[in-house]
Amino acid sequence: MHRKRLSEAQYKKAAREKEEKEKSYKSVTAYSILIIFVSSCSHYYFVMEKTFLKKKVMGGAAKNRNAKKIKLQQVAQEAKTITSFFNKQTKPEPLDKLIEEQEYSVDYPDDHDRSVSLNIEQPVLFTNEDDTMDNMVQLPTNAFQENYDISLSKNDELVQPEMLFPATNGRRFTSRHYKVYNWIEYSVSKDEIFCFPCRHFSANIIASGKTAGNLCFVNYGSKCKNWKEQTLSLNNHQRCKTHVICVQRWNDYLLVQKKHSLSIANQVNNIRQQNIIENREHLKFLLKAALFLSKQGLAFRGHNESDTSKNKGNFLEILDMFADDKIKLRLQARYGHYTSPEYQNDFISSIAQCTRQIILNSMNKFGVYTIMVDETKDLSKKEQMSFLIRFVDKELNICERSIGCYHMENSNAESLASEIIKVLSINKLDIMNCIGQCYDGASVMSGQYSGVQERIRSKVPHAIYVHCYAHRLNLCLLQTLQNIPHLCNFFNTIQNLYKFLMNGQTRYELFVRAQKDKQIPVIHLERLVETRWAYWYKSIQKVNMRFTEILEILSILSHQGDQTARAIGILNEISNISFIKTSHAMEILLQTIHCASVELQDASIIQSSAVNLLQNTKQNIQKMRSDTFWDKINNSAKLVAEKNEIVYENSSRNRRPVRLNKNLQDYFVQSTIGQGTFENNSNTSIENNLPLTDLKIIFYTAIDRFLNELNHRFSNPSNEIILTFNIFSSSSIDYFNLKSPHLVTFIDHYKHFKINYENLQSEFPSAKNLINHANKDRDDGIHDLYSISKILNQLPNAFQETLKIINILMTLPVTTASNERFFSSLKLVKTHLRLTMGNERLSDLLVIAVESDVSSKINLDDAVDLFSKMKKRRYPLIN
């Protein structure tokens, strides 16, 4: 490494000599050599050229020349020395060879006294193999770099050296400025001062009249007019607007580094986070109001929701009643209040989706379920299909939950089956995990060839169809009573009595006053509903409880009022021993059936319990067909007759049966022949021409017909599946019997779930011993499916295959009573004032109302997230 000290004139002379000597290098123009020379040796000239060069409007040719000039400048910056362009090498140097560095120091005239130190690497020139072409110069990138002796980044410390500073015309920089102007840096090599914050925190801030890349104190230093006006120049820069902004940024950055404050970006982010929190809290309040109204089945909107309205509707009135000042202020804003009907629908939809998600997440990992579907018409005459699923949760508790109701434009089997499959797909339920389906007995649902159940089974063969047990029980009773004229007349009398006393205000008040005068609880008569046999039982029960008061009111109304004839007719119907005997007998019969009907409506009942319940009901009804039971009926009827002074006849004279003339048997008689006809004779019954007074035979006939209907309607083809329940009944001979044929049939039917029979051979003995050990804690020592499932669920990994069977058995459907309860809520939600409600809104409202216990557990944050993802919102709700 050697050092040369050349004057400016010597450099120019050397350049001219090199230019004349190397004319053969036509690829390098004189202008490029000049630019390279100036860039390599005199940084001052380059700066002065940019400073004083006036900006002109350039044409196309000028732009091309300027582009070439810029390109040459880039080449000059990458060049090493001028002499490197004229050196030739016949052998290429190795790339990893270290190249000797040369340091050039340039002496400038007195008015430009400055020194530039450049570290320049020697370039490597290559020739081609034939050595016939000009040498090619390979220049490494970033070869030219000015190494200032001041800070290079904002994380560096300020360079403020204490030294004897060089003099210029007898004046020099003083270190006293470090205390007054703490932002300055001094470059020893340049003998200039720079501004630390403006260099590192300007971020493209340019004052008016300044040019980017040519800023004093930033791109080049200042000598304050050769140190004559140091204080004036520093004060002027310190008052500059751009400098003030940069100093503020510098201070903020220092605070961030010391963790005393946050950066601007963090502050903006914190403000955004605070806005998100406020927006979410506002939405949570609105969601709570929507959740309350949905659970209670109340309307949201009012007829007039303007500011001057006295009643803006339940939703706005609740917000106005319970909102604090902050929320009220936001509700009065033009935007962001989220109270319009469209937003209300989004609130309801978000809550309903969260409710459905909680329901689906509560299913155990086995994931089997049963679908239960029923149909009805709402008040707007739309056919609505209720969709529920039955499953077992993680604690092996049986659950029947609603998914929604769906408007059916066509009620044929194809449309219903397609809608069921669509609902399963929307809720991400695997259709192959469906093990059963439960509907009513309508042909469109239960058809064996083209019904809904057959269409579902064509896709899922193991999804057995179960006709609702409660519906079947009601059909048995309906078919029994409709074919006995005496019982039909009896129930017609009960219905007429209800209409006469309960529908007239005066008659109703007399009935209530008669009970209050005797200081007994006021009881209201029940109407008869064909599909709800519980009302039939309660209606007869209440008539028998208030039979004396009813007779008194009818006696009064038979002498006064506007319907005396009707009162006399009803009074004559009920004030006889035949009515009393029939009412007491039917009350006991319907009470026995009522117990079974109520139990079948339980959502947690399993098929084995339902079958056992029906067997016990048959036995209890069969016991009624005895003389002992009928004697009890006669004794109770006799007491009531004596109490109300009704003539009681132990026996009646048997009349000779009326027979038609044998000569007229082959003819159709259209007029009376002076004899009572077989059908119209009021003193005979249609059973074997027995007298009506002999109610015992009529009652026995009703019992026989009802038992026959039970045997006919409950002959289920899936009995083999149901008999599998005996394996988990300690009172059965098949208790944990691996060789049971019902178990083999069950495993083959549900082969989709891959129940391993070999694993059952080891699980059954262990499970049986475990349960027998648990028998010590039970008084009766008997275990059923419920108790066994709780014990084995404590060790799920040890009894995986056994728990699979238990899950399937507990999930099998029994009734669609939950669908009927769903329709009861439908009447409360969709009233005459809400007939224009949309289908999706109705479905969501019903899910929230019916599953109110689940909707109360939703996470409002999840509901807000769903609300924000429905569509783009004006205000941010999520990060």
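Visitor: Which residues of helix 26 are buried?
Guide: In helix 26, the buried ones are Leu695, Ile698, Phe699, Tyr700, Thr701, Ala702, Ile703, Phe706, Leu707 and Leu710. Buried means under 20% relative accessible area, exposed over 50%, and partly exposed in between, with a 1.4 Å probe and protein chains only. Helices (H or I, at least four residues) and strands (E, at least two) are DSSP runs, numbered from the N terminus.

Visitor: What do those buried residues pack against?
Guide: They pack against helix 17 (469-482), helix 18 (485-502), helix 23 (577-600), helix 24 (607-623) and helix 25 (627-643). A contact is heavy atoms within 4.5 Å.

Visitor: What span should helix 26 have?
Guide: Helix 26 has 19 residues (695-713), so at 1.5 Å a residue it should span 27 Å, and its end C-alpha atoms are 27 Å apart, which agrees. The expected span is 1.5 Å times one less than the number of residues.

Visitor: Where did this model come from?
Guide: This is a predicted model, in which local features need pLDDT of at least 70, side-chain atom pairs count only at pLDDT 80 or more, and totals for chains, interfaces and linings use all residues. Residues are numbered from 1 along each chain as its sequence is written, and side-chain values use heavy atoms, leaving out hydrogens and water.

Visitor: What is the average pLDDT?
Guide: The chain averages 80, and 78% of the residues score at least 70. pLDDT is the predictor's confidence in each residue, from 0 to 100. Over residues 24-55 it is below 50, and that stretch has 42 contacts in the model beyond near neighbours in sequence.

Visitor: Back to the inside. How many residues has the largest nonpolar core?
Guide: It has 113 residues, and Leu501 and Leu600 have the most contacts inside it. Helix 23 gives the most to this core, with ten residues. A nonpolar core is a set of buried Ala, Val, Leu, Ile, Met, Phe, Trp, Tyr and Cys residues joined through side-chain atoms within 4.5 Å. A second, separate core of 38 residues includes Cys354, Val829, Leu846 and Leu860.

Visitor: New topic. What is the phi of Asp191?
Guide: About 55 degrees, which is positive although Asp191 is not a glycine. Most residues other than glycine have a negative phi. Asp191 sits in the loop between strand 6 (184-187) and strand 7 (192-195).

Visitor: Is Asp191 buried or exposed?
Guide: Buried, with a relative accessible area of 8%. Gln519 also has a positive phi, near 55 degrees, but Gln519 is exposed, at 73%.
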